[in-house]
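Q: I would like to learn how to read helix packing, sheet order and a chain interface from a model. Can we start with a pair of packed helices?

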Protein chains: 2
Amino acid sequence: MSGRKVLITGAAGFTGRHAVRYFHAAGAEVTAVVRRLPEDPDIFAPEVAKYVCDLSDQGAVHAMIEAVRPEEVLHLAGRNSVPESWRDPLLYMETNVMATLYLLEALRSQPAGRILVAGSRLKYRPGAEEGPPHPYSLSKTLEELVSLAWGTLFKQPVLLAEPCNLIGPGPSTGFCSLLARHIVRTETAESEAELQPFRLSSRLAQRDFLDVRDAVRAYDVILRKGDTGVVYRIDSGAPHRLGDIAAELLAHTSAAVPMDWGPEDSSPDHDSAVSAVSGREDTAYPAEHSAAVLGWKPEIPLVQSLADILDHYRGAGKEGLV
Amino acid sequence: MSGRKVLITGAAGFTGRHAVRYFHAAGAEVTAVVRRLPEDPDIFAPEVAKYVCDLSDQGAVHAMIEAVRPEEVLHLAGRNSVPESWRDPLLYMETNVMATLYLLEALRSQPAGRILVAGSRLKYRPGAEEGPPHPYSLSKTLEELVSLAWGTLFKQPVLLAEPCNLIGPGPSTGFCSLLARHIVRTETAESEAELQPFRLSSRLAQRDFLDVRDAVRAYDVILRKGDTGVVYRIDSGAPHRLGDIAAELLAHTSAAVPMDWGPEDSSPDHDSAVSAVSGREDTAYPAEHSAAVLGWKPEIPLVQSLADILDHYRGAGKEGLV
């Protein structure tokens with residue numbers, strides 16, 4: 001990997017921080033792109049170049065690519081809150097579609113600048129009568145369409161990946177992180193009456209959880225070996241019930257954690273990450289393959305991910321638990 | 001129609017001028033939206049309100065809708081040159097996708113503001129492996145997807161129409177207008193050596209030509225009676241060979257018009273407007289219907305359209321022929 005010049009957008013985000021650490025540790029020359037300078041200056045190693053850029057500013061994106069001249073781009077930036085997308089749908093179109101286009105267009109002038117665009121399982125199929133369930137879904141579908149189109153129209157090496165639910169240490173708002181934070185808050189609470197119970201929407205609902213560090217390795221493999229015009233799914237391959245995940249996390253503490261397990265008979269729902277594994281084969285284009293076809297496989301067991309998340313919050317101090 | 005408040009974008013364009021004239025003549029209160037004030041102030045009747053707005057400026061679009069408060073919007077504005085879309089693909093995404101979104105979003109605050117978005121036969125099917133043939137095609141497909149999505153996400157009365165090749169008097173760069181202009185230039189040329197021959201790419205290629213005034217009537221019918229989630233095709237239903245169209249136009253002149261008829265055995269190609277009539281039924285969504293299902297039908301015969309185009313150029317004076 002030594003000598004690779006990698007630009008990573010969304011570098012201050014949950015996955016971005018892991019990606020910066022991984023590529024830097026592997027000897028790549030990394031540029032970490034952030035919307036604004038992070039409050040904690042130590043989130044990146046000192047050798048990592050930091051670049052502040054508002055990706056929804058076309059001129060700024062062009063100038064950045066001209067200045068950095070990356071050989072590879074890992075495009076993780078984007079907005080990903082469904083409720084926020086209802087409140088400001090245009091912001092989602094601008095951030096997730098136009099900003100990606102600005103990057104793709106700026107890279108057209110770079111010979112062989114490979115770019116990986118991180119997609120979402122919450123995309124919808126444009127030919128489906130029900131339409132997108134929310135503006136976030138629409139934005140991720142259009143982001144995929146323009147990425148595919150720039151690949152075919154301009155023969156650009158554009159790569160697409162679709163991760164499942166990523167978990168691990170760091171600033172995540174996913175289920176595992178929220179419960180782990182709740183556990184550590186209970187452990188450090190001064191009185192038992194301080195905390196509301198943590199509520200499970202469903203014990204039986206299944207989710208495909210994958211360690212974010214495994215996903216970052218998959219991004220690396222796709223950047224190096226992936227084909228344009230294919231969507232690479234990044235899955236653990238083993239969905240888990242939310243109730244089982246909660247029990248595993250709670251086994252790591254001796255505190256009496258207030259829990260609301262929800263109704264006993266909650267009907268098992270499966271999220272799109274799970275159904276996608278079996279349900280997407282009818283889509284003619286783009287082809288969807290597991291990243292396993294490129295030789296990648298998950299390495300970090302779920303129990304390790306969960307333990308690391310707890311350690312993250314136990315070491316975070318009170319300010320990280322708010 | 002009296003009392004209807006109709007806002008028409010792209011009002012200075014070929015179709016826009018006819019639309020403004022039609023809705024004004026029918027008694028509607030028309031606002032003609034133009035990017036800049038036209039050089040000829042008389043292209044609109046004095047009672048027609050003119051509004052200068054750059055539709056790619058979100059704030060300006062919002063202010064316009066707040067000020068005009070239209071009950072119906074006929075959105076004809078957009079860029080439609082395939083070669084230009086190759087030169088500046090982002091401009092096409094901004095003009096044909098984002099500007100339409102700004103309009104849709106601004107109309108969300110208007111109770112029952114119906115909007116008709118004019119699409120293109122050159123769109124592509126997002127699930128098709130070959131991808132879009134050019135950035136213009138991509139932009140029109142995404143414009144349709146966001147229009148459909150705003151209709152379902154926000155329960156907006158968004159209507160979609162797809163006209164075939166529109167012809168008629170006025171500033172068009174289509175085949176019929178170009179040849180008519182060539183004929184009138186020949187008639188008014190001072191020496192025979194002045195003109196290059198007009199070259200047909202194919203005599204046998206078929207195109208579905210429809211008078212722009214018939215199309216404007218279809219837009220009116222769709223605005224009044226159309227359903228959201230349907231694409232209404234506006235076709236003449238009778239494709240014609242380019243060679244036959246040329247012969248018909250040439251029958252209206254006694255001048256010796258220099259022509260290059262192309263190879264005798266040119267293979268018949270059919271444009272997407274023709275193939276669309278039979279070839280699109282496999283698309284599950286959106287449903288595509290002829291505007292005929294709403295009771296519309298073409299009224300102006302092709303020979304009348306062609307005669308009117310010639311009259312337009314004969315009355316245009318030299319400056320209209322350049």
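Q: What is the angle at which H1(A) and H7(A) pack, and how far apart are their axes?
A: This is a predicted model, in which local features need pLDDT of at least 70, side-chain atom pairs count only at pLDDT 80 or more, and totals for chains, interfaces and linings use all residues. Residues are numbered from 1 along each chain as its sequence is written, while chains are lettered from A and ligands numbered from 1 in the order in which they are written. Helices (H or I, at least four residues) and strands (E, at least two) are DSSP runs, numbered from the N terminus. Axes are lines fitted to C-alpha atoms, for helices over the stretch in contact, and angles run from 0 to 180 degrees between N-to-C directions. Here H1(A) and H7(A) pack at about 60 degrees, with axes 9 Å apart.

Q: Which word describes how H1(A) and H7(A) lie to each other?
A: Angles under 35 degrees count as roughly parallel, over 145 as roughly antiparallel, 65 to 115 as roughly perpendicular and the rest as oblique. H1(A) and H7(A) are therefore oblique.

Q: Which residues make the contact between H1(A) and H7(A)?
A: Two residues are in contact if their C-beta atoms, placed from the backbone, lie within 7 Å. H1(A) contributes Phe14(A), Thr15(A), His18(A), Ala19(A) and Tyr22(A), and H7(A) contributes Val212(A), Arg213(A), Ala215(A), Val216(A) and Tyr219(A). By class there are seven nonpolar, two polar and one charged (Ala, Val, Leu, Ile, Met, Phe, Trp, Tyr, Cys and Pro count as nonpolar, Asp, Glu, Lys and Arg as charged, and the others, Gly among them, as polar).

Q: What is the strand order of the open sheet in chain A?
A: Strands of a sheet pair through backbone hydrogen bonds, either parallel or antiparallel. Two strands count as paired if DSSP finds at least two bridges between them. The open sheet of chain A has eight strands in the order S3-S2-S1-S4-S5-S6-S11-S14, with parallel pairing. Its edge strands, S3 (49-52) and S14 (287-290) of chain A, each pair on one side only. As an example of a pair, S1 (residues 5-9) and S4 (residues 72-75) of chain A are joined by four bridges, and Leu7(A) has Val73(A) as its bridge partner in S4(A).

Q: Which strands does H1(A) lie across?
A: H1 (residues 14-25) of chain A lies across S1, S2 (29-34) and S4 of chain A, at about 170 degrees to S1(A). H7 (residues 212-225) of chain A touches S4, S5 (114-118), S6 (158-163) and S11 (230-234) of chain A, its direction making about 160 degrees with that of S6(A).

Q: How many residues of chain B are in contact with chain A?
A: In this model, 22 residues of chain B are in contact with 22 residues of chain A. H5(B) gives the largest share of the chain B side, eight residues. That side has 16 nonpolar, four polar and two charged residues.
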